[in-house]
Amino acid sequence: MSAAFFPKLNILQLSAREKNARTLSDQREKDEFSLDIHVEKNIGNIVQVKLEKDHHNHPWFCEHIKVQTPSGDCFEFPCYWWLVNENEVMIREGTARLPQDDTKSFQEQRKDELESRQKIFRWKEWSPGLPMSIDADVKDLPKEVQFDEEKELEGVYFGLEKFLGVFDFSFVIWTENVMQNWNQDYMFGYQFLNGCNPVMIRKCMQLPDKFPVTHEMVEGCLKTGHTLREELQAGNIYIADYEILKGVPASSSQRYLTAPICLLYKNDLNQIVPIAIQLSQTPGETSPIFLPSDNKFDWMLAKMWVKSSDFNVHQLVTHLLKTHLFSEVFEMAIYRQLSAVHPVYKLLMPHVRFTIAINAEAREKLISKNGIFSQVGSISGDGMGKLIQNAMETLTYKSLCFPEDIKARGMEDVPKYYYRDDGKMIWEAIHCFVSAVVKIYYDSDEKVQQDEEIQGFVKDVACSGMNNSANFPKSLESREQLVEYLTVVIFTASAQHAAVNFGQFDWYAWIPNSPSTMRKPPPQKKGQVDMEYIMDSLPDRDCSCKALATVWALTQTENNELFLGMYPDMYFTEQPAKEAIKTFRHKLEEVTNIIKSRNDELTLAYCYLSPDKIPNSVAI
């Protein structure tokens, strides 16, 4: 390795933090070393370091460089980049800079940097209609986005592969509350608020024509003397409509899929309970509306069908599409459009850590044509693409803005909606943090408009990553818009992913509560179902074991997990940005304490959005 500087004094000391990578079986260690650099003349401030590596050495990861002059001045150079073969890297002094604030020579250097990265991080259409992904398989990923050795040794899918052959019901310690109460209507309704998929439910002010529920059908579920029309107008009726599944093919002739509609009601106990279920989008004699007043087997099976549909939508839309795939689009655009010295690059990098790598693994092992999900779910490989295409057609950027989504679904005032309450606190904390950072570097809306890199980032997301979607902004006009956009990126990768991922074993481990697939078609008449039919409808032992192993593996965090607000890498070097991080962490600690105090009073605690349990990025 050789180093070139633009130093200030005759003798200075260079110290570097490195990760030495030899083979994947070696334990990666961090080594710090220092050396003296002798310079014959004073040539000004130190603004850049160049690292060169010849082909004789192993790949080398430089975290950062600090330069200490004899007079005591210290210059910091964040790097966090791999040197492979004979390549070199130019490392700017750590102060973040907007492109328009840089000198002409450095503007040219930034363009060269991005052109070089764009050759490495190329867009690829993995499946028609889906968000674009990186043009590389797991083995060919750029070294910068691969798992480090510790993550690799842990094995992202190690738990899955380990347990697929031996996982048995007797090994599972069920969540007692779920196992005992899964068939209770209040527990069924509770999961629409605080389970794995808390985004499907919305307030219903008017019943759709395709769901002809009458007052006489549900009268026994309503407050005495109240009509269905009155309860609709009072805002006490909610609906979960799985129309997105209409026309999606099932994975085989032995597995069935439907697109149900479920009506729910806020009762006198402030519980959300189901009051009517239709197991298709087309009413009629062969698609009856099931009710709590029906026989217990009809009602039990109808709820199972809703939860099975919810399982498939949750996995492929709420979880895969809206957190994993979107975060990969953001990460790709970061590498392609933002220089390493850009403040937004520094802000977002901790929140895309390992995302491309985990998605590449998922495309290969989990959601491929013959992957794990097609083995445990109801939807074929082709069906997965169809479902996600359906979701993309209706998806909007504003739906990723947490407060906007809550408002659009009319869920501002429903009681015991802890996903909403905790998510709102975290959204506000992230928004305040992002706002503080943006104000450090952008003193006006014009600065946002003039920032070619940030405009390129937003355009690349919409036009390339999101397939030229009209529902995503292609430019930003103000600091306020920039703050909201960056809050969406961070919230999606951290809090939203945590909310829809880490409860999977809790809610899916008891198979009848959320069957991953159904082996018999939905009943077309009432009164023909018994317990034997229900047991024959549930997934078989092999499928259930695979589903259990999958959700168990997907809910594991790594031993050295970095949770929201933990930024050990030195991307920002300026004190104002460091103070913003400190304030952010303090606010997150306050939120954690509020949630803990609330949970101490609950029979069933909601912990998925406690900041101390939210990883910084989509990495599992």
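Predicted model: local features only at pLDDT ≥ 70, side-chain atom pairs only at ≥ 80, totals over all residues.
Student: Is Lys-416 buried, partly exposed or exposed?

Tutor: The relative accessibility of Lys-416 is 40%. Buried would require under 20% and exposed over 50%, with partly exposed in between. Because its value is 40%, Lys-416 counts as partly exposed.

Student: Which loop holds Asn-467, and what is the phi of Asn-467?

Tutor: Asn-467 is found in the loop between α16 (452-465) and α17 (479-501), and at 31% relative accessibility it counts as partly exposed. Its phi is a positive value in a residue other than glycine, near 55 degrees.

Student: How are α8 and α16 oriented to each other?

Tutor: Two packed helices are described by the angle between their axes and the distance between the axes. For α8 and α16, the axes come within 9 Å and cross at roughly 135 degrees. The range 65 to 115 counts as roughly perpendicular and over 145 as roughly antiparallel, and α8 and α16 are therefore oblique.

Student: Which residues of α8 and α16 meet, and how do the residues of this contact divide into nonpolar, polar and charged?

Tutor: From α8, the residues that take part are Val-329, Phe-330, Ala-333, Ile-334, Arg-336 and Gln-337, and they meet Glu-453, Gly-456, Phe-457, Asp-460, Val-461 and Gly-465 in α16. The residues of this contact of α8 with α16 divide into six nonpolar, three polar and three charged.

Student: Against which helices do the buried residues of α12 pack?

Tutor: Helix α12 spans residues 381-394, and its buried residues include Gly-383, Met-384, Leu-387, Ile-388 and Ala-391. The buried residues of α12 pack against α8 (296-337) and α11 (372-376).

Student: Which residues does Lys-398 touch, leaving out those up to four places away in sequence?

Tutor: Lys-398 lies in the loop between α12 and α13, and it is partly exposed, with a relative accessible area of 38%. Its C-alpha atom is separated by 9.2 Å from that of Val-488, although the two residues are 90 residues apart along the chain. With residues up to four places away in sequence not counted, Lys-398 touches Glu-404, Asp-405 and Glu-484.

Student: Which strands are the edge strands of the open sheet that holds β10 to β14?

Tutor: Five strands form this open sheet with antiparallel pairing, in the order β10-β11-β12-β13-β14. At one end, two bridges join β10 to strand β11 (residues 237-241), and Arg-202 stands opposite Ile-239 in β11. Each edge strand pairs on one side only, and the edge strands are β10 (202-203) and β14 (289-290).

Student: At what angle does α8 run to β13?

Tutor: Helix α5 (residues 185-194) lies across β11, β12 (261-266) and β13 (272-278), running at about 95 degrees to β13. Helix α8 lies across β12, β13 and β14, and its angle to β13 is about 95 degrees.

Student: What is the bridge partner of Phe-61 in β6?

Tutor: Strand β5 (residues 60-68) is mostly covered, with seven of its nine residues buried. This strand pairs with β6 (residues 74-83) in the antiparallel sense over eight bridges. In β6, the bridge partner of Phe-61 is Trp-82.

How values were computed:
Residues numbered from 1 in each chain as written. Heavy atoms only, no water. Buried < 20%, exposed > 50% of the residue type's maximum accessible area, 1.4 Å probe, protein only. Helix = DSSP H or I, 4+ residues; strand = E, 2+ residues; numbered from the N terminus. Pairing = 2+ DSSP bridges. Contact = heavy atoms within 4.5 Å. Axes fitted to C-alpha atoms, helices over the stretch in contact; angles between N-to-C directions. Parallel < 35°, antiparallel > 145°, perpendicular 65-115°, else oblique. Nonpolar A, V, L, I, M, F, W, Y, C, P; charged D, E, K, R; others polar.
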